[in-house]
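User: I am new to protein models. Could you show me how to read one, feature by feature?

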Amino acid sequence: MTTNKSFSTETSERYSRALYEVGKESKELEKIEADVKNFQSLLDSKYEIKNFIQNPTHSIEIQNKALDILSIKLSITKNLKNFFLLLIKKRRIFFVKKILDSFLKLCLKNRGEIKASLISSKQLSSVELESIGKELSSAMGSKIKFDYKVDQNLIGGLKLQLGSFMIDTSIKNKLIKYEQIMIEN
């Protein structure tokens, strides 16, 4: 059975695999992964920079100069800088967010880790987070890496998302379900 992937998904996965192999071959994979996370944080926090980099109307020379400045500011590895320059040259820089997301997922997968999102109604202690992580890791057979957030709108309980799998034990969710039952009756 074949899966239909969009051009951008296929392209992103191909480029992310190439970056992963370059990092592995040069023994800089951890540094490149850290640099990618820093670069993504910059793009997420500075809309102007993200817009500038991903704007295909800018010339290759202007995008290269901007990347030179960013690579110095962020002190990214030479291999990552060259990778970005290749994306600019091939006019694929507008896929950069998708490529970097795919690269980070590939790094996690190859370490045997699964990324999960955990949201709680109150701040959990490091002991509680560790306990949840251990239980889920043993149940899934892989190490779970959390993106943890607190959302006081949940009233109580937790929300956990592993890929497309969602567990929602929040009181807010239960109240919504009760409300729907009452409306239907």
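Predicted model: local features only at pLDDT ≥ 70, side-chain atom pairs only at ≥ 80, totals over all residues.

User: How do I check the length of a helix, and what span should helix 6 have?

Analyst: Helices are DSSP runs of H or I with at least four residues, strands are runs of E with at least two, and both are numbered from the N terminus. The expected span of a helix is 1.5 Å times one less than its number of residues. Helix 6 has 15 residues, so it should span 21 Å; its end C-alpha atoms are 21 Å apart, which agrees. After helix 6 comes G112, with a positive phi near 80°.

User: Which residues of helix 6 are buried?

Analyst: Buried means under 20% relative accessible area, exposed means over 50%, and partly exposed is in between (1.4 Å probe, protein chains only). In helix 6 the buried residues are V96, I99, L100, S102, F103, L104, L106, C107 and L108.

User: What is a nonpolar core, and how many residues does the largest one have?

Analyst: In soluble globular proteins, nonpolar side chains tend to be buried together. A nonpolar core is a set of buried Ala, Val, Leu, Ile, Met, Phe, Trp, Tyr and Cys residues joined through side-chain atoms within 4.5 Å. Here the largest has 27 residues, and F84 and F103 have the most contacts inside it. Helices 1, 2, 4, 5 and 6 each supply at least two of its residues. Helix 6 gives the most, seven residues. Another core lies apart from this one, with eight residues, including L118, L136, L160 and L162.

User: What does F84 touch?

Analyst: Contact means heavy atoms within 4.5 Å. Not counting residues up to four places away in sequence, F84 touches F39, L67, I76, I93, V96 and L100.

User: Now helix 1. Are T11 and G23 buried or exposed?

Analyst: T11 sits in helix 1. T11 is buried because its relative accessible area is 1%. Leaving out residues up to four places away in sequence, T11 touches R92 and F95. G23 is also placed in helix 1. Its relative accessible area is 0%, so G23 is buried.

User: How much space lies in the largest pocket?

Analyst: On a 1 Å grid over the protein atoms alone, a pocket is an open set of points with protein on both sides within 12 Å along at least five of seven lines; lining residues have an atom within 4 Å of a point. The largest pocket holds about 440 Å³. It has 15 lining residues, and D101, L104, K105, L108 and K115 are the closest to its centre. Helix 6 gives the largest share of the lining, six residues.

Note on methods. Residues numbered from 1 in each chain as written. Heavy atoms only, no water. 1 Å grid on protein atoms, 1.4 Å probe; cavity = no way out; pocket = protein on both sides within 12 Å on 5 of 7 lines; lining within 4 Å. Points joined across faces, edges and corners; volume = space filled by probe spheres on them.
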